[in-house]
Amino acid sequence: MYEIFVKLLEKYGVTAYKVSKATGIGGSTFTDWKNGRSVPKQDKLQKIADYFGVTIDYLMTGKEEPEKKEIMLTPRDERDIKKDLDSLMEKLKNQENGPAAYDGKDIPEADQELFAGQVELMLRRLKKINKEKYNPNKNKK
């Protein structure tokens, strides 16, 4: 852990003294860690991690956290989105009251394409959110 602490000091161009003052951790504590006389406690690790903007895991192992993988839409998801969008737009073109009317007035034809684009973006975003929320383990890797 101390080696990683030293690397962070070098990376950010700060001294152990400055970190000590900012975190309230005594300088002698750092010396004890360096010489192996004591092991850092969780609360002190958290203060150092917060100071450098890293995780405790990084401070202990030096390993970066893997970036969160973006959830991809499957061909089936794409078909579902297209089906929902086509259904909505068909109702809009047939001037059925409900899918996109405000105060009893339909969206003007000139704006329907813009509306369709926004609805498609929303459907895609919601599909990804729902995949992560309701099936998080399946979509992790």
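Me: Where do Glu 120 and Arg 124 lie, and how many residues apart are they?

Reply: This is a predicted model, and what follows is computed from it. Glu 120 and Arg 124 both belong to helix α7, where they are four residues apart, about one turn of the helix.

Me: What makes the contact between Glu 120 and Arg 124 a salt bridge?

Reply: The rule asks for a side-chain nitrogen of Lys or Arg within 4 Å of a carboxyl oxygen of Asp or Glu. The side chains of Glu 120 and Arg 124 meet at 3.4 Å, N to O, and therefore count as a salt bridge. Glu 120 is partly exposed, with a relative accessible area of 30%, and Arg 124 is partly exposed as well, at 26%. Through salt bridges that share partners, Glu 78, Glu 120 and Arg 124 are joined into one network.

Me: How many salt bridges does this rule give?

Reply: The count comes to five. One of them is formed by Asp 32 and Arg 37, whose closest N and O atoms are 3.0 Å apart.

Me: Why is Arg 37 called exposed, and why is Asp 32 called partly exposed?

Reply: Exposed means over 50% relative accessible area, and buried means under 20%, with partly exposed in between. Arg 37 has 57% relative accessibility, so it counts as exposed, whereas Asp 32 has 25% and therefore counts as partly exposed.

Me: How do you know that Asp 80 and Lys 127 form a salt bridge, and which parts of the chain does the pair link?

Reply: The closest N and O atoms of Asp 80 and Lys 127 are 3.6 Å apart, which is within the 4 Å limit, so the pair qualifies. The pair links distant parts of the chain, since Asp 80 is in helix α6 and Lys 127 is in helix α7, 47 residues apart. Asp 80 is partly exposed at 29% relative accessible area, and Lys 127 is partly exposed at 23%.

Me: What is the label for Met 72, and why?

Reply: Met 72 has a relative accessible area of 56%, which is over 50%, and is therefore exposed. Met 72 lies in the loop between α5 and α6, and with neighbours within four places in sequence left aside, Met 72 is in contact with Asp 77 and Lys 131. Met 72 and Lys 127 are 55 residues apart in sequence, yet their C-alpha atoms are 9.7 Å apart in space.

Me: What makes Phe 5 and Phe 52 an edge-to-face pair?

Reply: The structure holds five aromatic pairs. Phe 5 and Phe 52 are 6.2 Å apart centre to centre, within the 6.5 Å limit, and their planes stand at 75°, which is over 60, so the pair is edge-to-face. Phe 5 lies in helix α1 and Phe 52 in helix α4, so the pair ties together parts that are 47 residues apart in sequence. Phe 5 is buried, with a relative accessible area of 0%, and Phe 52 counts as buried at 5%.

Me: Why is the pair of Tyr 51 and Phe 52 called edge-to-face?

Reply: The ring centres of Tyr 51 and Phe 52 are 5.0 Å apart and the planes are at 90°, so this pair too passes the limits and is edge-to-face. Ring pairs link Phe 5, Tyr 12, Phe 30, Trp 33, Tyr 51 and Phe 52 into a cluster.

Me: How do you know that the buried residues of helix α2 are on the same side?

Reply: The buried residues in α2 are Val 19, Ser 20 and Thr 23. They cover an arc of only 105° around the axis, which puts them on the same side of α2. What covers them includes α1, α3 and α4, while the face turned away from the buried side carries the exposed residues Tyr 17, Lys 21 and Ala 22.

Technical notes. Residues numbered from 1 in each chain as written. Predicted model: local features only at pLDDT ≥ 70, side-chain atom pairs only at ≥ 80, totals over all residues. Heavy atoms only, no water. Helix = DSSP H or I, 4+ residues; strand = E, 2+ residues; numbered from the N terminus. Buried < 20%, exposed > 50% of the residue type's maximum accessible area, 1.4 Å probe, protein only. Contact = heavy atoms within 4.5 Å. Arc of directions from axis to C-beta. Phe/Tyr/Trp six-rings, centres within 6.5 Å; stacked < 30°, edge-to-face > 60°.
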